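Please set out, with the cut-offs behind each term, what can be read from the model below.

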Amino acid sequence: MLTLLAGTIGLVISGGLASRPFHRPAGWTTMFSDDFNGAANSGLNRANWLYDIGTGYQGGAANWGTGEIESATDSTQNVYQDGNGHMASRRSGTVPDTGRRAA
């Protein structure tokens with residue numbers, strides 16, 4: 001779940017646009033990009049990505065304010081690069097653990 005630009009980045013991450021060249025419309029400027037070119041099973045580039053870890057923000061509502069029961073982690077068991085230019089995420093364990101990240 002991406003906090004910022006979820007729709008656009010989600011398409012690129014899922015492969016919907018990743019295999020096609022991107023043609024920037026005239027007058028548009030790239031504000032953020034990441035090629036996810038790290039080694040297989042490596043974490044995300046922390047210069048570009050922040051992890052929201054635990055069950056909520058300090059001083060914020062419990063369970064991220066949405067009643068979520070998972071505990072967000074930065075583990076590469078949850079969020080990782082696949083070595084082929086993609087970011088991937090997966091569920092692990094019996095209690096949902098997610099890699100919650102924000103650009």
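## Surface and burial

Of the 103 residues in the chain, 24% are buried, where buried means under 20% relative accessible area, exposed over 50%, and partly exposed in between, with a 1.4 Å probe and protein chains only.

This is a predicted model, in which local features need pLDDT of at least 70 and side-chain atom pairs count only at pLDDT 80 or more, while totals for chains, interfaces and linings use all residues. Residues are numbered from 1 along each chain as its sequence is written, and side-chain values use heavy atoms, with hydrogens and water left out.

## Confidence

The pLDDT, which is the predictor's confidence in each residue on a scale from 0 to 100, averages 76 over the chain, and 69% of the residues score at least 70. Where pLDDT is low, the predicted coordinates should not be read in detail.

The chain holds one helix and four strands, which run α-β-β-β-β from the N terminus on; helices (H or I, at least four residues) and strands (E, at least two) are DSSP runs, numbered from the N terminus. Among the contacts in the chain with a separation of 6 or more, 53% are made by residues 24 or more positions apart.

## The salt bridge

The structure holds one salt bridge, defined as a side-chain nitrogen of Lys or Arg within 4 Å of a carboxyl oxygen of Asp or Glu. R46 and D74 form this bridge, with their closest N and O atoms 2.6 Å apart. The pair links distant parts of the chain, 28 residues apart, since R46 lies in the loop between α1 (6-14) and β1 (50-51) and D74 in the loop between β1 and β2 (79-81). D74 counts as partly exposed because its relative accessibility is 29%.

F32 and W49 both lie in the loop between α1 and β1, 17 residues apart. W49 counts as buried, at 1% relative accessibility, whereas F32 is partly exposed, at 29%. F32, F36 and W49 form one aromatic cluster.

D34 is also placed in the loop between α1 and β1, and its side chain makes a polar contact with the side chain of W49 at 2.7 Å; a polar contact is a pair of N or O atoms within 3.5 Å, where within protein one must be able to donate a hydrogen and the other to accept it, and residues adjacent in sequence count only if both atoms are side-chain atoms. The side chain of D34 also reaches the backbone nitrogen of F36 at 2.9 Å. Leaving aside residues up to four places away in sequence, D34 touches N45, N48 and W49.

## The loop between β1 and β2

T55 lies in the loop between β1 and β2 and is partly exposed, with a relative accessible area of 42%. Not counting residues up to four places away in sequence, T55 touches A62, N63, W64, E70 and S71. The C-alpha atoms of T55 and G65, which are 10 residues apart along the chain, are separated by 9.2 Å.

E68 is found in that loop between β1 and β2 as well, where it is buried at 15% relative accessibility and its side chain makes a polar contact with the side chain of T66 at 2.9 Å.

## Positive phi angles

W64, although not a glycine, has a positive phi of about 60 degrees; this residue lies in the loop between β1 and β2 and counts as buried at 9% relative accessibility. N41, likewise not a glycine, has a positive phi of about 70 degrees. N41 is found in the loop between α1 and β1 and is partly exposed, with a relative accessible area of 48%.

Conventions. Contact means heavy atoms within 4.5 Å. Rings of Phe, Tyr and Trp (its six-membered ring) pair if their centres lie within 6.5 Å; planes under 30 degrees apart count as stacked, over 60 as edge-to-face and the rest as tilted.
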